[in-house]
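Keep the 3D view open as you read.

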Amino acid sequence: MAAAGSVKHIHAGVLDIAYHETGPTDGPPAILLHGFPYDIHACLPAAEILAGQGVRCLVPYLRGYGPTRFLDAATPRSGEQAALGADLLAFLDALGIARAVVAGYDWGGRAACVVAALWPERVRGLVSGGSGYNIHDVARSGRPVSAESESRLWYQYYFHTERGRAGLTENRAGIAELLWRQWSPHWDFDAATLARTVAAFDNPDFVEVVIHSYRVRYGVVPGDPAYAEIEARLAAQPKIGVPTIVLEGSDGGVFPPKSDDGDAARFSGPYRYRRLPRIGHNVPQEAPEAFAQAVRELL
């Protein structure tokens, strides 16, 4: 499914955000959010399902992806969680959307969790894919995990180096394909699917935003001072009180599912957890029906 010819633009905060919209304009709104290294094509199948059920679906390119651009050359190319959350909030404001279901995974799930935690009045419901409570605890990021778990984070440590920056610059398609196969072992994507998404990495800010994202979360580099207040609030690891459905693939290759739902205590509102068999990290693209169903239930 291609998004060519269907992309709209709106100035929101520090960005000119490019986004795909489908469904009736007077339908209940849902924002579907992609992760790294993916783009809006991960969410378009679920968006079309929802559009057919009367939902207004908006699928933005995150900062550094596709046609989304910074409005000012002087704005730091931050990839920190506070920036992603602020972008989502600004997107809602720019479109005049008072409340919406926000649904995402990976980076997009983080943006959704940030807004749900700090601005719950704007969130009708949250779908968090791949990881339930998707807010970084930067203060504890230096604590090691098991050797097996550390090995799965090779790309993050790679991006901490200048060799990693050069590698992402020169070999972003190869890195994306490798991560897709490692993270979603049962997802049988083809070359055309990969090529559609990799085209979104041909953005002048992609490398800088990605590198900053994987460095700032470990305290390797400072964040953008413009988001310091938001980061301070996130440092308290606030609970999420909006109605939430967590969708976790049984075969996600970043962090495999635990034997129990360890994130449930971080949610104080209505909460449901579902494990999806033979699904990996890219939940909406691998299981669009389940993703769409979760959004619809919250509406």
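## Where two helices cross

In this predicted model, helix α6 (residues 162-170) and helix α9 (residues 206-216) have axes that come within 10 Å and cross at roughly 140 degrees. The crossing of α6 past α9 is right-handed.

Which residues make the contact? On the α6 side they are Glu 162, Gly 164, Arg 165, Leu 168 and Thr 169. On the α9 side, look for Phe 206, Val 207, Glu 208, Val 210, Ile 211 and Arg 215. Sorted by class, this contact of α6 with α9 has 5 nonpolar, 2 polar and 4 charged residues.

## A helix wrapped by its surroundings

Now stay with α9 for a moment. Of its 11 residues, 10 are buried, so α9 is largely enclosed by the rest of the structure. Among these buried residues are Phe 206, Val 210, His 212, Tyr 214 and Arg 215.

What do the buried residues of α9 pack against? Their neighbours are β5 (69-70), α3 (106-118), α5 (154-159), α6 and α7 (172-183).

## A helix with one buried side

Next, find helix α1 (residues 44-51), where Leu 44, Ala 46, Ala 47, Leu 50 and Ala 51 are buried. These residues cover an arc of only 155 degrees around the axis, so they lie on the same side of α1.

The cover over the buried residues of α1 includes β2 (15-22), β3 (29-33), β4 (56-60) and α12 (288-298).

Key: Residues are numbered from 1 along each chain as its sequence is written. This is a predicted model: local features need pLDDT of at least 70, side-chain atom pairs count only at pLDDT 80 or more; totals for chains, interfaces and linings use all residues. Side-chain values use heavy atoms; hydrogens and water are left out. Axes are lines fitted to C-alpha atoms, for helices over the stretch in contact, and angles run from 0 to 180 degrees between N-to-C directions. Helices (H or I, at least four residues) and strands (E, at least two) are DSSP runs, numbered from the N terminus. A crossing is left-handed if the near helix is turned anticlockwise from the far one by less than a right angle, and right-handed if clockwise. Contact means heavy atoms within 4.5 Å. Ala, Val, Leu, Ile, Met, Phe, Trp, Tyr, Cys and Pro count as nonpolar, Asp, Glu, Lys and Arg as charged, and the others, Gly among them, as polar. Buried means under 20% relative accessible area, exposed over 50%, partly exposed in between (1.4 Å probe, protein chains only). The arc is that of the directions from the helix axis to the C-beta atoms.
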